[in-house]
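Q: Could you walk me through how to read this model, one feature at a time? I'd like the general idea, then the case at hand.

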Amino acid sequence: MSVGNGAEPASSGQDEQTVKLALAISLLRSKILQKPLSFPNNPSTSDALRWKRKAKERKQELLRLREDLKQTQDISQCDLFPQTAVCKCYFFDNLGKLSPKTVTDGSNRRFNDVLRRRFLRQVRFKERKRKSGGSVQQQRLLSDLSNEDELEQLRASVDFLVELCDTVSPVEEVNFANLSHQAVDFILASLSSLFSMSKNMDVIEGIISSLITRLVRRMCSSFQENGSNHNNMDPQFYVQHLIRKIGNVAFIGQRALLSISERISALAESLLFTDPFDVAFPRMHQCMFTMIQLIEFLISDYLSIWSKDQGFDEMLFEEWVTSIFHARKALELLESRNGLYVLYMDRVTGELGKQVGQVPSLQKMKPDILDKLLC
């Protein structure tokens with residue numbers, strides 16, 4: 001009994017020592033867990049972890065800023081050019097229709113700065129893409145003088161407008177109205193600036209003649225290219241409207257009338273020797289009516305305005321009036337096939353005679369031509 005009682009105090013003492021040891025280990029472990037990244041004896045490791053943490057925070061901040069910038073740009077683009085937007089100034093109003101009698105000459109036209117900058121970026125991008133293999137030094141020399149710079153801007157705008165008509169469907173592309181409107185306004189603004197300098201008129205005339213020829217060719221080649229009708233909103237009517245808009249300046253409009261009337265005479269001769277059952281005949285037929293209609297639009301919209309312009313070319317006026325009479329005479333040979341050609345041309349010459357009769361300054365031409373108009 002005595003031996004057993006003496007063993008109990010020794011056993012309880014060992015238990016107390018075990019508990020104290022376990023408690024000390026637990027306290028030490030808890031301290032280590034509270035500061036897992038603290039390595040006072042290894043400063044290089046601590047610095048590496050700190051810079052790694054800062055780099056991660058900076059990367060997250062950059063990603064957040066990029067996302068904010070993207071959202072801001074998307075919002076601004078949606079505000080300026082929503083997907084369902086049309087030209088803000090109704091550029092393609094009266095498409096294929098006679099305009100109201102009250103027509104402005106566009107002299108008080110104001111540019112929307114945002115749209116204008118966007119158009120210029122498009123033009124410059126196209127030019128860089130088209131002339132990537134050209135000489136940078138040569139292009140720099142052309143921009144040294146303001147006159148040469150305006151000429152380059154005019155060329156770039158003309159090329160941009162023609163390329164836009166060639167590559168973009170006016171019926172399906174939402175931005176066609178905005179871009180084509182800016183191109184037309186920029187062409188007219190460049191012309192106005194060049195006219196004030198009174199230099200390089202031959203070069204300017206060459207650029208404008210090329211523009212008219214290319215647009216008229218595009219207008220006549222766009223009839224049902226893809227075999228669809230687009231609800232009577234074919235591309236040729238949009239190109240016709242572009243020619244009509246740039247024609248409000250007499251320098252362009254009179255040359256357009258001369259070019260179109262000469263093309264009517266050539267087309268009439270082609271129709272005379274074309275089989276009516278030829279697959280190309282319907283396209284030629286529609287092109288004829290579109291060109292006659294365009295002549296009527298230009299005369300009805302702008303002739304009285306042109307006559308008040310100090311730069312109105314009376315010799316050119318007499319030339320395209322004579323050309324219209326020649327076109328009518330050429331269409332008389334097709335009267336047995338389609339008498340509507342002559343009827344429509346009679347309506348055009350009737351409108352022309354009416355305009356000339358109301359404006360005395362337009363009556364300064366050869367007596368025989370004036371008699372044909374006013375008879």
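Q: Let's start with charges: how many salt bridges are there?
A: Nine, by the rule used here: a side-chain nitrogen of Lys or Arg has to sit within 4 Å of a carboxyl oxygen of Asp or Glu. Before we go on, keep in mind that this is a predicted model, where local features need pLDDT of at least 70 and side-chain atom pairs count only at pLDDT 80 or more, while totals for chains, interfaces and linings use all residues. Residues are numbered from 1 along each chain as its sequence is written, and side-chain values use heavy atoms, with hydrogens and water left out.

Q: Which residue does R218 pair with?
A: Its partner is D166, with 3.7 Å between the closest N and O atoms. This one links distant parts of the chain: R218 belongs to helix α7 and D166 to helix α5 (residues 146-167), 52 residues apart. Helices here are DSSP runs of H or I with at least four residues, strands are runs of E with at least two, and numbering starts at the N terminus.

Q: Are those two residues buried or exposed?
A: Go by relative accessible area: under 20% is buried, over 50% is exposed, and in between is partly exposed (1.4 Å probe, protein chains only). R218 counts as buried because its value is 11%, whereas D166, at 46%, is partly exposed.

Q: What does E296 pair with?
A: E296 bridges to R347, and their closest N and O atoms are 3.0 Å apart. E296 is in helix α10 and R347 in helix α12 (residues 340-358), so this pair ties together parts 51 residues apart in sequence. E296 is buried, at 9% relative accessible area.

Q: Where do E332 and R328 lie?
A: Both are in helix α11 (residues 314-332), four residues apart, or about one turn of the helix. E332 is partly exposed at 37%.

Q: Zooming out, how many helices and strands are in the chain?
A: You'll find 13 helices and zero strands. Of the 375 residues, 37% are buried.

Q: Which residues touch the most other members of the largest nonpolar core?
A: First, the idea: such a core is a set of buried Ala, Val, Leu, Ile, Met, Phe, Trp, Tyr and Cys residues joined through side-chain atoms within 4.5 Å. The largest one here has 79 residues, and W320 and L331 touch the most other members. Helix α10 (residues 281-306) gives the most to this core, 14 residues. At least three core residues come from each of domain 1 (84-92 + 112-129 + 144-223 + 233-248) and domain 2 (250-374), with bounds from an automatic or database domain assignment.

Q: What is L331 in contact with?
A: Contact means heavy atoms within 4.5 Å. Setting aside neighbours within four places in sequence, L331 meets I264, A268, M288, I292, Y341, V342 and M345.

Q: What is phi of N200 near?
A: It's near 55°, a positive value in a residue other than glycine. N200 sits in the loop between α6 (176-197) and α7 (201-221), and at 31% it counts as partly exposed.
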